[in-house]
Amino acid sequence: MFCGLQGTMEGDFTGKEMYHLNFDPKGYFNMYKSFGLSVSPGNDERLRFILERLHKTFALDGIRGDTLIDIGSGPSIYQLLSACESFKEIIASDLLEKNREEMQKWLKKDPEAFDWTPMVKYVCQLEGDRETWPEKQEKLRRTVKQVLKCDVTLANPFHPLVVPPADCVLSSCCLEGASKDFPAYRSALKNVASLVKPGGHLILVIPLEATYYMAGQSKFSDCFVKPEMVKVAVKEVGFDIVCFENLNVDFPVALSDVKAFGFLVAQKCNKAEVATGKAKE
Ligand code: SAH
């Protein structure tokens, strides 16, 4: 099923060109989103971890508001299943038109859209009633108001559009792939963090200690990050860490050399707190 690691390794496999040329939404679905049938048990465990933490963050810890922006949504909607109960509107986004189109297929109920129902049912079960999954799908379709082009390497990731700062910005497994090294990661983080209102929240799902992942037949580089590096970078851009949790995973080399996934929730300091030096350490 997989090509292994050869074939796409020559040359520079980082950067936007690589995504435009080689990111294959169908291959990505097959490898990472076939919940319950995943090629790797570690991947199912990862998806459960992410869905459970998102459920906890929004439904139990009560992070809510008017607008949530999801940065680097890819062709995926699973990361928005809990959020649609806590935000009036969601803006999804990605660099690639083919990913935005794939998401639009699901939003418009195209028969060729990816079938997310196993994950939708799982989230409904977490919320108390697995049988409400058709309503949940409709709710999410109503709540995603826009699917925009974004580029995290730009100071304004939505350039030339100006999107008002949001109550919450979520980004799952995007910044690492979009950044060739840690300085680039910190800069992308700063760009994404600028989209959060003072007092609002930033939620990151972070592949830890990874240098690559496969999507379809192609290999994409990941910026290697450890929890401490991310926490320091998030504080540097004006946030307090609310929580950071880790799940160790055992992925086959044909998927990724990732060691763990981090789930981080941070809150943007109010300007007044920063100015008076009251921001927490
Ligand atoms: N968040 C989704 C997809 C992660 S895959 C999920 O959890 O399943 C990584 C995504 O980052 C891809 O969709 C890719 O197109 C996007 N990406 C890569 N470089 C980017 C950039 N510079 N700006 C925005 N998105 C980018």
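This is a predicted model: local features need pLDDT of at least 70, side-chain atom pairs count only at pLDDT 80 or more; totals for chains, interfaces and linings use all residues.

Start with the cysteines: the disulfide count comes to zero, a disulfide being a pair of cysteine sulfur atoms within 2.5 Å. Select C150 and C174 to see why: the sulfur of C150 has its closest cysteine sulfur in C174, 6.2 Å away, which is too far for a bond. C150 is also buried, at 3% relative accessibility; here buried means under 20% relative accessible area, exposed means over 50%, and partly exposed is what falls in between (1.4 Å probe, protein chains only).

Residues are numbered from 1 along each chain as its sequence is written, and side-chain values use heavy atoms, with hydrogens and water left out.

Helices (H or I, at least four residues) and strands (E, at least two) are DSSP runs, numbered from the N terminus. What does T67 touch, leaving aside residues up to four places away in sequence? Its partners are F87, E89, I91, A166, D167 and C168, where contact means heavy atoms within 4.5 Å. T67 is buried, at 17% relative accessibility.

Next, select residues 16-22, helix α1, and find Y19 in it. Y19 is buried, with a relative accessible area of 14%. Beyond residues up to four places away in sequence, Y19 touches L95, L96, K98, G177, Y213 and F220. Show the C-alpha atoms of Y19 and F220: they are 7.9 Å apart in space, although the two residues are 201 apart in sequence.

Now for two helix pairs. Two packed helices are described by the angle between their axes and the distance between the axes. Axes here are lines fitted to C-alpha atoms, for helices over the stretch in contact, and angles run from 0 to 180 degrees between N-to-C directions.

Color α3 (residues 41-60) and α5: their axes come within 10 Å and cross at roughly 40 degrees. That makes α3 and α5 oblique to each other; angles under 35 degrees count as roughly parallel, over 145 as roughly antiparallel, 65 to 115 as roughly perpendicular, and the rest as oblique. Show side chains for L47, R48, L51, E52 and H55 in α3, which meet M119, Y122, V123, L126 and E127 in α5. By class, this contact has six nonpolar residues, one polar and three charged. The classes put Ala, Val, Leu, Ile, Met, Phe, Trp, Tyr, Cys and Pro under nonpolar, Asp, Glu, Lys and Arg under charged, and the others, Gly among them, under polar.

The other pair is α8 (residues 182-193) and α9 (residues 227-236), with axes 10 Å apart at an angle of about 45 degrees. α8 and α9 are therefore oblique to each other as well. On the α8 side, pick F182, Y185, R186 and L189; they meet M229, V230, A233, V234 and E236 in α9. Seven nonpolar, no polar and two charged residues make up that contact.

Which residues of helix α6 (residues 133-143) are buried? Select K136, Q137, L140, R141 and T143. The buried residues of α6 pack against β2 (87-94), α4 (97-107), α5 (117-127) and β3 (144-149).

Last, the loops. In the one between β3 and β4 (166-172), stop at T153, which is partly exposed at 39% relative accessible area. T153 touches K16, A178 and N191, not counting residues up to four places away in sequence. P160 is in the loop between β3 and β4 too, and the peptide bond from H159 to P160 is cis, with omega near 10 degrees.

K109, in the loop between α4 and α5, has a positive phi near 60 degrees in a residue other than glycine. E209, in the loop between β5 (196-208) and β6 (212-215), is not a glycine, yet has a positive phi of about 55 degrees. E209 is partly exposed, at 26% relative accessibility.
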